[in-house]
Amino acid sequence: MLTCIEGVLSKDDVADFRRIMDASDWEDGRSTAGSQSAVVKRNEQLPPDSEVARKLGNRIISALTSNPRFIAAAIPLQIFPPLFNRYAASSGHHFGLHVDNAVRGDRLTGLRIRTDLSVTLFLAEPEEYDGGELVIEDSYGSHEVKLQAGDCVLYPSTSLHLVTPVTRGTRVASFFWLQSMIRDDQARGMIFDLDTAIQALVERLGRDDPETVKLTGIYHNLIRYWAEV
Ligand code: NI
């Protein structure tokens with residue numbers, strides 16, 4: 001399942017992030033790449049252990065964990081500290097086809113997660129650059145994603161994906177992974193659909209409608225059945 005979430009960060013927050021990031025030191029993006037992806041990765045990133053990356057990353061995690069659509073779609077167990085990258089047209093930056101590492105460890109906190117979902121949070125407006133589409137392959141084909149600044153996309157970390165070459169301007173984004181309580185993408189997708197349908201029923205019928213209460217019970221029991229916590 002591929003899920004877009006609008007307005008995770010406000011435009012003011014995005015402007016503040018960009019000001020802070022512009023004033024920071026950047027390094028070659030290959031420092032966090034696995035051996036296959038290092039061959040195809042050409043971009044820059046904020047040093048992952050730097051204070052600036054951690055502070056901005058924490059702001060993203062707070063915004064996401066108070067976003068009901070994110071919680072419903074991801075059912076997160078652990079979120080990896082967000083990383084930040086940029087692709088400049090002047091340097092021919094791009095990221096060829098690859099799959100993200102299955103397990104990620106964080107040197108600073110010792111956190112280790114299985115990557116169930118990959119997240120890209122866009123920090124540049126689509127008008128600021130040409131190219132730089134995130135292309136995600138799944139069993140239904142290729143999907144091109146290029147969102148407004150402040151919006152994010154969640155996709156299964158099992159997917160092959162790439163970032164097309166940036167041919168004008170600079171693409172700026174945050175990217176990270178999370179381990180979900182529901183490992184299986186299809187199971188997680190069904191729970192998300194059920195949750196969305198229940199929320200719509202609650203709007204129409206109220207919280208105490210007996211069938212809505214029953215469906216809410218099924219929602220929780222499916223999580224109880226599948227969750228790893
Ligand atoms: Ni990737």
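Helix 1 covers residues 11-22 and helix 3 covers residues 51-65. Their axes come within 11 Å and cross at roughly 170°. Axes here are lines fitted to C-alpha atoms, for helices over the stretch in contact, and angles run from 0 to 180 degrees between N-to-C directions. Helices (H or I, at least four residues) and strands (E, at least two) are DSSP runs, numbered from the N terminus.

This is a predicted model, in which local features need pLDDT of at least 70, side-chain atom pairs count only at pLDDT 80 or more, and totals for chains, interfaces and linings use all residues. Residues are numbered from 1 along each chain as its sequence is written, and side-chain values use heavy atoms, with hydrogens and water left out.

Which residues in helix 1 meet helix 3? They are Asp13, Asp16, Phe17, Ile20 and Met21. On the side of helix 3, the partners are Val52, Leu56, Arg59 and Ile60. Contact means heavy atoms within 4.5 Å. The residues of this contact divide into six nonpolar, no polar and three charged. In this count, Ala, Val, Leu, Ile, Met, Phe, Trp, Tyr, Cys and Pro are nonpolar, Asp, Glu, Lys and Arg are charged, and the others, Gly among them, are polar.

Now turn to the metal. The nickel ion is coordinated by His98 (NE2), Asp100 (OD) and His161 (NE2), at 2.1 Å. Along the chain, these donors follow the spacing H-x1-D-x60-H. The two histidines link distant parts of the chain: histidine 98 sits in strand 7 (residues 94-98), histidine 161 in strand 15 (residues 161-163), 63 residues apart. Donors are N, O and S atoms within 2.8 Å of the metal (3.2 Å for Na, K and Ca); water is not among the atoms, so sites may look incomplete. Are histidine 98 and histidine 161 buried or exposed? Both are buried. Buried means under 20% relative accessible area, exposed over 50%, and partly exposed in between (1.4 Å probe, protein chains only).

Next come the cysteines. A disulfide is a covalent bond between the sulfur atoms of two cysteines. The rule used here asks for a pair of cysteine sulfur atoms within 2.5 Å. How many disulfides does this rule give? The count is zero. Why? The sulfur of cysteine 4 has its closest cysteine sulfur in cysteine 152, 8.0 Å away, which is too far for a bond. Cysteine 4 is partly exposed, at 29% relative accessible area. Cysteine 152 is buried, at 1%.

Several single residues are worth a look. Isoleucine 75 is not a glycine, yet it has a positive phi of about 40°. It lies in the loop between helix 4 (68-74) and strand 5 (76-79). Isoleucine 75 counts as buried because its relative accessibility is 7%. Isoleucine 71 is in helix 4. It is partly exposed, with a relative accessible area of 33%. Leaving out residues up to four places away in sequence, isoleucine 71 touches Leu64, Thr65 and Pro76. Isoleucine 71 and serine 180 are 109 residues apart in sequence, but 9.9 Å apart in space, C-alpha to C-alpha.

Arginine 30 is in the loop between strand 2 (27-28) and helix 2 (35-40). At 34% relative accessibility, arginine 30 counts as partly exposed. It touches Ala38, Lys41 and Arg42, again not counting residues up to four places away in sequence. Its C-alpha atom is separated by 13 Å from that of aspartate 100, 70 residues apart along the chain. Phenylalanine 84 is in strand 6 (residues 83-88). Phenylalanine 84 is buried, with a relative accessible area of 0%.
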